[in-house]
Amino acid sequence: MAAIPQHRDLNPPADADPEGHIGSQPIYVWEVPVRVTHWLIVISIVVLAVTGLYIHAPFLVPSKPVEASSQMATVRYWHEIFAIVFSLSIAVRFYWGFVGNSFSSWRQIIPHRREQFYWMGQMFRYYTFRRRHPVPYTGHNHLAGLAYSIVSVGLFVQILTGLLLFGWIMQSGPFHALFGWGNSLPGGIQMVRNLHHLLTFLFLAFAIHHVYSAILVDIEERNGVVSSIFSGYKNIRIDRTVEALGLVGHAPEEKARSGKSNGKDPADA
C-alpha cells in the first residue's frame, strides 16, 4: 500500500497558464464495453421510467376500451424489452469490472483501501469548498466511486423487484417458479411494487445530478470528461494523477505512460 502523503493540498503544476489550462495528452480511459453499456443503461432508464409510470398510472389513454387495452399491452411489451436490455447491460458492466482496464475495475471504483478513503475525503473537501483544487484522477474519483457503488446496489435491487413483479404476474411456468415468491415477502407484492416505483425516482434524481456533475467537472478540470464517454479519451496531465503516482493502488496503464510510481503527492511532482 502506498503511504498516505503528508502534503494535503494539490495545486496545478507550475506550467499551468494564467487561465488554468494544464499541459495534457489524450489517454484512453473508457473501453468500448464501458461506453456502450453506459448509453444502453441511459436509454433503458429513460424508456423504463416513461413506460413504468404509464403502467403505474396510465396517461393519454384512448377513449375506446379496446384501444386502451392495446396501448397498455404495447407499453408493457416495450417495458419488458428494455428491462432485458437494462439487465444485460448491467450484467456486462458488472463483468467488465473484473476483466477491464484499471479505470473500469471494481478495485478502483469501490473504496476499500486506506489511501482511497484519504483521497475520497480530499474530494469531499473540494466539493464542500474547503479545498481549492480537485484531486487529479484519471478515472473515477473515489467519492464518485462510492456513489456509483451505492447506485449499483440499487440497480440490482431494481432488477430483482422487476423480476418478482413479472414472476407474480405470470402465475405459472418456470419464470413463476423462480420469481413468483414476491408475495411471501414482508408487505407482500405491494411492497415490491412500491420499492420498484421508488427506485425509479431515485435513479432519475441521480441521473440529473450525474449530468450536472459531469458538466461541472468538465468545466472545472478541463479534461474532456463529457466527450470521453463518447470517444473513450480524456485529456489530462497523466504524470500528475494520483493513479500514476501509485497513490491509489495498481494502475499499470497510467504507470506505463508516466514512468512514475514514487508515492509522492502530485503537488510535489
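1. This predicted model holds 13 aromatic pairs. A pair of aromatic rings is described by the distance of the centres and the angle of the planes.

2. Take Y28 and Y233. Their ring centres are 5.1 Å apart and their planes meet at 55 degrees, so the pair is tilted. Y28 belongs to strand β1 (residues 25-28) and Y233 to strand β2 (residues 233-236), so the pair ties together parts that lie 205 residues apart in sequence. Y28 is partly exposed, at 28% relative accessible area. Y233 is also partly exposed, at 41%.

3. Now F94 and F98. The ring centres are 5.2 Å apart and the planes stand at 80 degrees; that is over 60, so the pair is edge-to-face. Both residues sit in helix α2 (residues 65-99), four residues apart, about one turn of the helix. How exposed is each? F94 is partly exposed at 37% relative accessibility, whereas F98 is exposed at 54%.

4. Ring pairs join F94, F98, W106 and F156 into a cluster.

5. Next, helix packing. Helix α5 (residues 142-170) and helix α7 (residues 188-221) have axes that come within 9 Å and cross at roughly 145 degrees. The crossing of α5 and α7 is left-handed.

6. Which residues meet there? On α5 they include Y148, V151, L155 and W168. On α7 they include I189, V192, R193, F203 and H210. By class, the contact of α5 with α7 has 13 nonpolar, seven polar and one charged residues.

Methods: Residues are numbered from 1 along each chain as its sequence is written. This is a predicted model: local features need pLDDT of at least 70, side-chain atom pairs count only at pLDDT 80 or more; totals for chains, interfaces and linings use all residues. Side-chain values use heavy atoms; hydrogens and water are left out. Axes are lines fitted to C-alpha atoms, for helices over the stretch in contact, and angles run from 0 to 180 degrees between N-to-C directions. Helices (H or I, at least four residues) and strands (E, at least two) are DSSP runs, numbered from the N terminus. A crossing is left-handed if the near helix is turned anticlockwise from the far one by less than a right angle, and right-handed if clockwise. Contact means heavy atoms within 4.5 Å. Ala, Val, Leu, Ile, Met, Phe, Trp, Tyr, Cys and Pro count as nonpolar, Asp, Glu, Lys and Arg as charged, and the others, Gly among them, as polar. Rings of Phe, Tyr and Trp (its six-membered ring) pair if their centres lie within 6.5 Å; planes under 30 degrees apart count as stacked, over 60 as edge-to-face and the rest as tilted. Buried means under 20% relative accessible area, exposed over 50%, partly exposed in between (1.4 Å probe, protein chains only).
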